[in-house]
Amino acid sequence: MEKITGSPVVTEMLVIPVAGRDQMLLNIGGAHAPFFTRNLVILKDNTGHTGVGEVHGGEAITAVLEACRAQVIGKQIGDYREILKHIRRKGDPSEGLQNYNLKNLQFVVHAETAVECALLDLLGQFLGLPLCHLLGDGQQRKEVTVLGYLFYVADSSCTPLPYENAPEQPNAWFRQRQLPAMDTAAIVEQALAAQERYGFRDFKLKGGVLAGEQEVETVQALKKQFPDGRINIDPNGAWSLQDAIRLCLQMKQDLSYVEDPCGPEAGYSSREIMSEFRMATGIPVATNMIATNWRQLHHAVVGRAVDIVLADPHFWTMNGSVRVSQLLDEWGMTWGCHSNNHFDISLAIFAQTAAACSGQITAMDTHWIWQDGQNLTRDGMQIQNGRITIPDRPGLGVQVDMQAVLAANQLYNRLDTHERDDAAGMQFLIPGWKFDSRRPCMVR
């Protein structure tokens with residue numbers, strides 16, 4: 001019998017772009033398109049195990065992943081850090097996301113996160129350990145608290161675009177998420193439906209859509225409806241410093257924190273402006289826009305611009321995100337997680353990463369509730385009682401459903417464009433609409 005030495009070797013690497021359905025969710029950048037795209041990496045090793053990872057969509061990221069094959073195939077999974085070192089790509093040298101320029105997203109995203117996750121999935125299966133045991137100081141919690149991510153939703157029937165319209169849905173949330181939600185009452189109904197299905201206690205409102213006063217009213221109504229919940233709002237830097245101070249002081253008693261309330265202005269960066277906001281209001285500040293790499297994190301912390309860093313593993317890698325949590329814990333700050341539209345593979349990535357993060361972490365973001373029902377795994381993680389329980393299974397803890405993956409790839413191949421464009425749908429709401437990083441999308 002041949003003696004086996006070392007760890008298993010990667011024998012196959014598949015890069016599969018996929019697409020899923022979305023609703024007409026609004027943000028400062030415009031309206032989500034009827035479809036969103038992601039990239040999957042599926043690895044197989046010489047023991048017969050399969051590992052999977054997911055990252056943002058777009059052909060540029062697909063190309064980066066395709067170019068990684070030579071650095072991955074034939075390598076031992078136990079040497080994953082050396083593999084990642086050779087495929088790591090430098091981030092965007094410009095401003096990143098502080099102006100919510102979606103064209104910069106491809107540079108902020110670390111495509112290698114999908115490879116990292118797939119390798120760690122294989123390594124966890126080889127060692128018989130959940131993936132979170134392989135990150136940082138190992139598993140820190142068995143359950144991860146998740147917040148309910150609420151959006152103003154436009155009436156997609158005013159467009160010819162193929163948004164989903166299937167009123168016969170199996171539960172109230174699936175029906176509710178297809179409905180327009182353009183005022184406070186509709187958002188509260190949305191939150192109640194989400195709570196009924198997922199048990200959420202905490203909620204986040206995507207702001208930067210309506211006039212600030214209307215969004216303040218919605219936050220106050222959510223706090224009244226869920227008095228024991230933690231409520232926050234994310235206008236993606238839509239407000240001026242003066243407006244952010246005025247609006248947030250009106251809801252200071254209702255907010256657990258505010259995410260990226262204001263952006264760069266008058267020659268000052270977002271980090272400087274948010275530091276002034278924090279000093280003026282005393283309201284805790286979170287970000288996924290002004291601290292998306294280590295250099296930005298340094299300046300954000302030194303400038304006292306933030307309290308909570310939403311370290312999306314797709315921006316930082318899984319190991320990097322956990323390293324951020326370790327630093328924040330030592331500094332008396334808080335880790336959290338940001339998300340974009342994603343499938344259930346990324347939900348598992350978020351959960352395993354959060355399970356390994358140090359210190360007291362804030363409730364994790366996820367868009368997955370808007371994609372629930374389009375799973376690409378057979379045994380995907382679930383949100384129950386507002387939490388995800390980390391499964392006692394080796395690796396990522398999910399099993400990829402290749403039939404579902406191939407169907408999502410076929411949908412991807414039928415799309416006219418694979419790049420995110422939040423401006424296209426806005427033309428049917430406001431003719432001639434153009435993105436303006438300093439104005440909510442419906443304020444023109």
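Predicted model: local features only at pLDDT ≥ 70, side-chain atom pairs only at ≥ 80, totals over all residues.
Which residue forms a salt bridge with D379, and how far apart are the closest N and O atoms? I looked it up: D379 pairs with R393, and the closest N and O atoms are 3.9 Å apart. For a salt bridge I need a side-chain nitrogen of Lys or Arg within 4 Å of a carboxyl oxygen of Asp or Glu. R393 sits in the loop between β14 (387-389) and α16 (402-414), D379 in the loop between α15 (368-371) and β14, so the pair ties together parts that are 14 residues apart in sequence. Helices and strands here are DSSP runs numbered from the N terminus (helices H or I, at least four residues; strands E, at least two).

Residues are numbered from 1 along each chain as its sequence is written, and side-chain values use heavy atoms, with hydrogens and water left out.

R393 is partly exposed at 33% relative accessible area, and D379 is partly exposed at 26%. My cut-offs are buried under 20% relative accessible area, exposed over 50%, and partly exposed in between (1.4 Å probe, protein chains only).

The salt-bridge count comes to 16. I have R246 as partly exposed at 36% relative accessibility, and E213 as partly exposed at 42%.

Then I looked at E82 and K85, which form a salt bridge with the closest N and O atoms 3.1 Å apart. Both are in helix α3 (residues 80-87), 3 residues apart, and that separates them by about one helical turn. An α-helix has 3.6 residues a turn, so residues three or four places apart point the same way. E82 is partly exposed at 32%, and K85 is partly exposed at 48%.

I also noted a network of salt bridges that links K204, K206, D234, E259 and D365.

**Entry: strands around β4**

How many residues of strand β4 are buried? I get 9 of the 11 residues in β4 (residues 35-45), so the strand is largely enclosed by the rest of the structure. Strand β1 (residues 10-21) runs antiparallel to β4, and 11 bridges join the two. I count strands as paired if DSSP finds at least two bridges between them. Strand β5 (residues 50-56) also pairs with β4 in the antiparallel sense, over 7 bridges.

L43 in β4 is a handy landmark: M13 stands opposite L43, and L43 also stands opposite G51 in β5. β4 and β5 make a hairpin with 4 residues between them, and G48 in the turn has a positive phi of about 95 degrees.

**Entry: helix α1**

I looked for buried residues in α1 (residues 59-66) and found I61, T62, V64 and L65. They cover an arc of only 160 degrees around the axis (taken from the directions from the helix axis to the C-beta atoms), which puts them on the same side of α1.

**Entry: aromatic rings**

I found 10 aromatic pairs. Rings of Phe, Tyr and Trp (its six-membered ring) pair if their centres lie within 6.5 Å; planes under 30 degrees apart count as stacked, over 60 as edge-to-face and the rest as tilted. Y198 and F200 have ring centres 5.4 Å apart and planes at 35 degrees, so the pair is tilted. Y198 is buried at 2%, and F200 is buried at 1%.

F203 and F226 are also tilted, with centres 4.5 Å apart and planes at 35 degrees. F203 is in strand β8 (residues 203-206) and F226 in the loop between α8 and β9 (231-234), 23 residues apart. I have F203 as buried at 0%, and F226 as buried at 7%.

One aromatic cluster takes in Y149, F151, W173, Y198, F200, F203, F226, W368 and W370.

**Entry: H110**

Is H110 buried or exposed? H110 is buried, with a relative accessible area of 18%, and lies in the loop between α4 (105-108) and α5 (112-127).
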